[in-house]
Amino acid sequence: MIDKFGRKIDYLRISVTENCNLKCIYCIDENNILNSCNNDILTDDEIVKIATECARLGIKKIRITGGEPLVRKNIESLIYKLKCINGIEEIYITTNGVLLHTKIEDLKKNGLTGVNISLDSLNKDRFKKLTKFDKLQDVLLSIDKALELGLKVKINTVIVDDINKDEIIDFVNLTKDKNLDIRFIELMPIGAAKNYKGTSNEEINQIINKNFKNIKVENKSKRSGPAKYIRIDNYKGKIGFISPISSCFCEDCNRIRLTSTRFLKKCLHYNYGVDLKKHIRSNISDKDLNELIYSNIYDKPQEHLFMEDCDNKENKYMNQIGG
Ligand code: SAM
């Protein structure tokens, strides 16, 4: 469907839990973890019902996220049910990779198209400092297993000044022999991240340019989304830059979000969204649900205003919204 600014909306991100098995310093508020209990979150049937109406309105791609989506019970069967919806062509998951190696074969059998694995350090001690858990080996094992199974693999990395800037080149070097893409995502000032200073993608690009001579800019494809890609000549994978702060891509934004507890959110930045759980638990008809979703997507805001003071700013943490 087309929103009021003429954007084609065909991508739904579904958060399936707020809970996470890591506690990344810029993502979760360690002192105030308000994990929702099972009764609060949307059930599999409710998620499928919403996704079905979204697919009728033109959603083709779904990404499952959280919290950590792999801690949700029976995530494999939810993925299967979503993949079976008429109109859904691709289904991806964004995960920290800790449990992925134990579930990936079933996820693939159930229809998963690809995985984004979040990883901010390749150093064991730093990984533990950033995430509060000693799980780097599990994440690396998951990356290799996903590649072995032939899934599309993208590594999402957030670079934070004074924490992991010295690892930029190590991340780029992962693309030399492995058929995976690294994407540097700029830190957005949401929740705990307000206490940190993200490194801009411009600076990351400059560091890469100083260290490598043979860099090619990749043509933008339909699948690139908001990322701009380069490649080091003869390296297997690409390096992407997703720059919501330094180079806002709202004018091409094609996504909406469903939070694990209830809300259909039109933009990451704003604190409002329609409470679909309330309507579904009051037995709204499919037709009325469809119209409600339609009118909300139509009204998607023109752009985020992360760097400005404004009303209605989202004050939840990233794990609660769905990253
Ligand atoms: N647990 C899963 C994972 O780690 O991929 C999914 C949820 S996590 C919130 C999704 C992604 O959001 C991670 O790559 C994380 O680095 C990123 N993230 C969290 N807070 C962020 C922020 N303030 N700005 C940019 N990215 C952020």
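## Aspartate 275 and its partners

In this predicted model, the side chain of aspartate 275 makes a polar contact with the side chain of arginine 262, at 2.6 Å. The aspartate 275 side chain also reaches the backbone nitrogen of lysine 277, at 3.2 Å.

Aspartate 275 sits in strand 12, which covers residues 274–275. Its relative accessibility is 15%, so aspartate 275 counts as buried; the cut-off is under 20%. Setting aside neighbours within four places in sequence, aspartate 275 is in contact with Arg262 and Phe263.

## Helix 1 against helix 9

Helix 9 spans residues 286–298. The axes of helix 1 and helix 9 come within 9 Å and cross at roughly 65 degrees. The two helices are therefore roughly perpendicular to each other. Their crossing is right-handed.

From helix 1, the contact involves Lys49, Ile50, Glu53, Cys54 and Arg56. They meet Asp286, Leu289, Asn290 and Ile293 of helix 9. By type, the residues of this contact divide into 4 nonpolar, 1 polar and 4 charged.

Leucine 57 lies in the loop between helix 1 (44–56) and strand 2 (61–65). Is leucine 57 buried or exposed? With a relative accessible area of 14%, leucine 57 is buried.

Which residues does leucine 57 contact, leaving aside neighbours within four places in sequence? They are Met1, Asn290, Ile293, Tyr294 and Ile297. Tyrosine 294 is 237 residues away along the chain, yet the C-alpha atoms of leucine 57 and tyrosine 294 are separated by 7.1 Å. Asn290 and Ile293 also take part in the contact of helix 9 with helix 1.

Key: Residues numbered from 1 in each chain as written. Predicted model: local features only at pLDDT ≥ 70, side-chain atom pairs only at ≥ 80, totals over all residues. Heavy atoms only, no water. Helix = DSSP H or I, 4+ residues; strand = E, 2+ residues; numbered from the N terminus. Buried < 20%, exposed > 50% of the residue type's maximum accessible area, 1.4 Å probe, protein only. Contact = heavy atoms within 4.5 Å. Polar contact = N/O pair within 3.5 Å; in protein donor to acceptor, adjacent residues only side chain to side chain. Axes fitted to C-alpha atoms, helices over the stretch in contact; angles between N-to-C directions. Parallel < 35°, antiparallel > 145°, perpendicular 65-115°, else oblique. Left-handed = near helix turned anticlockwise from the far one by under 90°. Nonpolar A, V, L, I, M, F, W, Y, C, P; charged D, E, K, R; others polar.
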